[in-house]
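Here's a quick tour of a protein model for you. Have the structure open and follow along, topic by topic.

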Amino acid sequence: MTKTVAVMGAGAAGLAAAHAAAQAGADVTVYERHEQVGGTTALSGGVAWLPVNDHTDDSVDDALSYMRSLALGDVDPYLVEVFVRESRGAAARLERETPLRWEALPYPDYHSERPGGRPAGGRSLEPVAYDAPANIRELVRDAPNRWGTITYAELWSGTASEEELARRHARGTFTAGQALIACLLESCLDAGVTVRTGERITMLPDADAVVITSGGFERDEGLVKAFLRGPMLGPAGVPTNEGDGLRLAIAAGAALGSMSEAWWAPTVRLPGDTIDGKPMYRLMLGERARPGSLIVDRSGRRFVDESQNYNDVGRTLQDFDAASYSFRHLPAWLVFDADYRSRHRVFTITPADGDPDWLVRADTVGELAGRIGVPAGALEETVAEFAAGGSDPAFGRGDYAYDRFVGQLGPLGEGPYYALEILPGCLGTKGGPRTDTDGRVLSALDGTAIAGLYAAGNAAASPFGLAYPGAGGTIGPALVFGLRAGEAAASD
């Protein structure tokens, strides 16, 4: 008799699970709460950190050494090893069985100076641009946080032509996370998977097996207060990430893991910015790594290497000061000069646009300090000293391969000067039901598998602990364990 598998959520993990379950012969139905598929993956760059892939000269030993060097917090070493050893096969399988094609990026690992790290990149894979059929395009959700159809590879190599970008725009070509979702979705539909959108699941579906892949809980204020370790004011995930799957797993008696952790990030809230009618928070990425810019807290002083990866920069925003009984780095501000403003896009505004109300502007550093509420003398001293000798002895900005890849070190020059408030946020939460290496949800009572229940992606406990190993560190394990969970759900 054909086994029935229900998949709860249609992001990268869910569609990977559905694909694998269908390939294993199951009758698969995907339930997606939103009217279109993609979840937070569709908003992302679509990059997957998959070490030892066929597009680079990596080794299992190096990748394992690197992951072991990052082992802090609630780490599951068995799942980490399975992830490393299975990444090559998962990446190759998706190229073989779906329209997805990968391109390796020269993106350094986030901590490439550690044992086994790769300064030259190759572990981060990006989906190439994809012209999806019309029926697929209609089902993939929009990504209002992104603009343009250029790929990361093209952006860094400078190989994208205006003609090609115009063609993509006219044809509705997908890149980044939307391309990844479109390829996975097309393979699922071709395999006979039923996709039901606009359906919120509040009880486990009537199926032989259920795979929970409904994303994290960063959009649920109660769950955030109950579980996360520090202030999280800027959730960059889709509004449907309210912990629906987590609640069902708890009700089923699941053991939980990594509940205080998230894929942290500095984020920005622009007035009027919405997604699905809810406030939208934008990831601050390259904006903080450019010359002529720095980040300060309420003291008017720097507190971090601004060019480091967003997970660890985001984590620093949670530093608690016992004396003042407050989070010492909040509020935080990106401060930059006139040259920066004249050269670079700042989220939704280009150099040619006028200054919006949400961007604080002043003719002098002292005047800017007054407008953002930090000590003028401290900010003036900070700006004057920053990168004055071509280096950053205080925080080492520019000393690491990742720093140099994403930006440059340079002092602030002439005014006017600008400031933009930064919020402590995350791309998604890391906590959820604990699973074994095949995505089986484990019982809180005795650690055995709960029959018929599986989880993957941000709906499951991340095995990485505090670590974010490199670009695509969220999507990589979502794909590996999504495939394994779907296969196990169909075969157990």
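Two strands pair if DSSP finds at least two bridges between them. Helices (H or I, at least four residues) and strands (E, at least two) are DSSP runs, numbered from the N terminus. What you're looking at is a predicted model, where local features need pLDDT of at least 70 and side-chain atom pairs count only at pLDDT 80 or more, while totals for chains, interfaces and linings use all residues. Residues are numbered from 1 along each chain as its sequence is written, and side-chain values use heavy atoms, with hydrogens and water left out.

**Strands and how they pair**

- Let's start with strand β1 (residues 4-8), which is joined by 5 bridges to strand β2 (residues 27-32), and the two run parallel.
- Across that pair, Val7 stands opposite Val30 in β2.
- 4 of the 5 residues of β1 are buried, so the strand is largely enclosed by the rest of the structure; buried means under 20% relative accessible area, exposed means over 50%, and partly exposed is in between (1.4 Å probe, protein chains only).
- Elsewhere, 3 strands make an open sheet in the order β3-β5-β4, with antiparallel pairing.
- β3 and β4 (102-104) are at the edges with a single partner strand each, so one side of each has no neighbour in the sheet.
- β4 is joined to strand β5 (residues 124-127) by 3 bridges, and Glu103 has Glu126 in β5 as its bridge partner.

- Which residues of helix α3 (residues 60-69) are buried? They're Ala63, Leu64, Tyr66, Met67 and Ser69.
- Those buried residues pack against β3 (48-49) and α4 (77-97).
- A nonpolar core is a set of buried Ala, Val, Leu, Ile, Met, Phe, Trp, Tyr and Cys residues joined through side-chain atoms within 4.5 Å.
- The largest such core has 79 residues, and those with the most contacts inside it are Val5, Val28, Leu50, Phe83, Trp102, Val211 and Leu479.
- Helix α16 (residues 475-491) gives this core its largest share, 10 residues.
- Apart from this core lies another one of 21 residues, among them Met284, Leu330, Tyr340 and Leu359.
- Take a look at Phe83: leaving aside neighbours within four places in sequence, Phe83 is in contact (heavy atoms within 4.5 Å) with residues including Trp49, Leu50, Phe464, Pro477 and Phe481.

**Empty space: a cavity and a pocket**

- Rolling a probe the size of a water molecule over the atoms shows where empty space is left.
- On a 1 Å grid over the protein atoms alone, a cavity is a set of points where a 1.4 Å probe fits but cannot get out, and a pocket is an open set with protein on both sides within 12 Å along at least five of seven lines; lining residues have an atom within 4 Å of a point.
- Grid points are joined across faces, edges and corners, and a volume is the space filled by probe spheres set on the points.
- How much space lies in the largest cavity? About 160 Å³.
- The largest cavity is lined by 17 residues, with Gly457, Ala461, Ser462, Pro463 and Pro477 nearest its centre, and α16 gives the largest share of the lining, 3 residues.
- That cavity lining has 11 nonpolar, 6 polar and no charged residues (Ala, Val, Leu, Ile, Met, Phe, Trp, Tyr, Cys and Pro count as nonpolar, Asp, Glu, Lys and Arg as charged, and the others, Gly among them, as polar).
- The second largest pocket has a volume of about 400 Å³, and 20 residues line it, with Glu218, Arg219, Asp220, Glu221 and Pro235 nearest its centre.
- The lining of this pocket splits into 8 nonpolar, 3 polar and 9 charged residues, and its largest share, 3 residues, comes from α9.

- The peptide bond from Leu330 to Pro331 is cis, with omega near -5°, and Pro331 is in the loop between β16 (326-327) and β17 (332-336).
- Another cis peptide bond runs from Gly415 to Pro416, with omega near 10°.
- Ala176 isn't a glycine, yet its phi is positive, near 55°; Ala176 is in helix α8 (residues 176-190).
- Is Ala176 buried or exposed? Ala176 counts as buried, at 4% relative accessibility.
- Tyr325 also has a positive phi, about 50°, without being a glycine, but Tyr325 counts as exposed at 68% relative accessibility.
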